[in-house]
Amino acid sequence: MEKILTIDGRQVKFKSTGAFLLRYKAQFGRDALQDILRLQSAIDSKGQIKNIDTLDLEVFYNLIWTLAKTADPSIPPPLEWLDEFSEFPLMDIIPEIVDMIFSCLTSTVESKKK
């Protein structure tokens, strides 16, 4: 799954692949699925905040960076990449990519059991 968003006047490509979860763990040393499941209690499927107490913005920044890094391996480490933007409207970005984040939790394969 791929998506291009305009952030601070720049076109930024995001991509979710099978390597997305492994890239997240390699970069941040955390289990992406655990972080994503925690986020599910904070936001709904449309990216709207439903529980501010469980919202961890650092996890969102990390997931967003990982999706961007998956799309473009040449981007710099997270803090350097974020510093390239004078504006980074997280609350506008989240609803646009929440489907990419949660796509790793669902299957598109039809079950063969009947």
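Helices and strands here are DSSP runs: at least four residues of H or I for a helix, at least two of E for a strand.

**Figure 1. Overall fold of the predicted model.** The chain contains 5 helices and 2 strands. Along the sequence they follow the order β-β-α-α-α-α-α. Of the 114 residues, 37% are buried. Among contacts with a separation of 6 or more, 64% join residues 24 or more positions apart.

**Figure 2. The buried face of helix α2.** Helix α2 spans residues 32-40, and its buried residues are Ala32, Asp35, Ile36 and Leu39. Viewed down the helix axis, these buried residues fall within an arc of 100 degrees, so they line one face of α2. Their cover includes α1 (20-28), α3 (57-71) and α5 (90-102).

**Figure 3. The start of helix α2.** A side-chain oxygen of Asp31 comes to within 2.9 Å of the backbone nitrogen of Leu33. Arg30 and Asp35 form a salt bridge, with the closest N and O atoms 2.6 Å apart. Arg30 is partly exposed, at 33% relative accessible area. Asp35 has a relative accessibility of 2%; the cut-off for burial is under 20%, so Asp35 counts as buried.

Figure 4. Side chains of opposite charge can pair when their charged atoms come close. The whole structure holds 6 salt bridges. One of them joins Lys13 and Glu2, whose closest N and O atoms are 3.2 Å apart. This pair links distant parts of the chain: Lys13 sits in β2 and Glu2 in β1, 11 residues apart. Glu2 also forms a salt bridge with Lys15, at 3.6 Å between the closest N and O atoms. Lys15 lies in β2 too, 13 residues from Glu2 in β1.

**Figure 5. The loop between β1 and β2.** Asp8 lies in the loop that joins β1 (2-7) to β2 (10-15). Its phi is positive, about 55 degrees, although Asp8 is not a glycine. Asp8 is partly exposed, with a relative accessible area of 31%.

**Figure 6. A nonpolar surface patch.** Ile49, Ile52, Leu57 and Met91 make up this patch. Together they have about 350 Å² of accessible area. Met91 belongs to helix α5. At 42% relative accessibility, Met91 is partly exposed.

Note on methods:
Residues are numbered from 1 along each chain as its sequence is written. This is a predicted model: local features need pLDDT of at least 70, side-chain atom pairs count only at pLDDT 80 or more; totals for chains, interfaces and linings use all residues. Side-chain values use heavy atoms; hydrogens and water are left out. Buried means under 20% relative accessible area, exposed over 50%, partly exposed in between (1.4 Å probe, protein chains only). The arc is that of the directions from the helix axis to the C-beta atoms. Contact means heavy atoms within 4.5 Å. A polar contact is a pair of N or O atoms within 3.5 Å; within protein, one must be able to donate a hydrogen and the other to accept it, and residues adjacent in sequence count only if both atoms are side-chain atoms. Patches are made of residues with over 30% relative accessible area and no salt bridge: like charges are joined within 9 Å, nonpolar side chains (Val, Leu, Ile, Met, Phe, Trp, Tyr) within 5 Å. Accessible areas come from the Shrake-Rupley method with a 1.4 Å probe; for residues, only the protein chains shown count as cover. A salt bridge is a side-chain nitrogen of Lys or Arg within 4 Å of a carboxyl oxygen of Asp or Glu.
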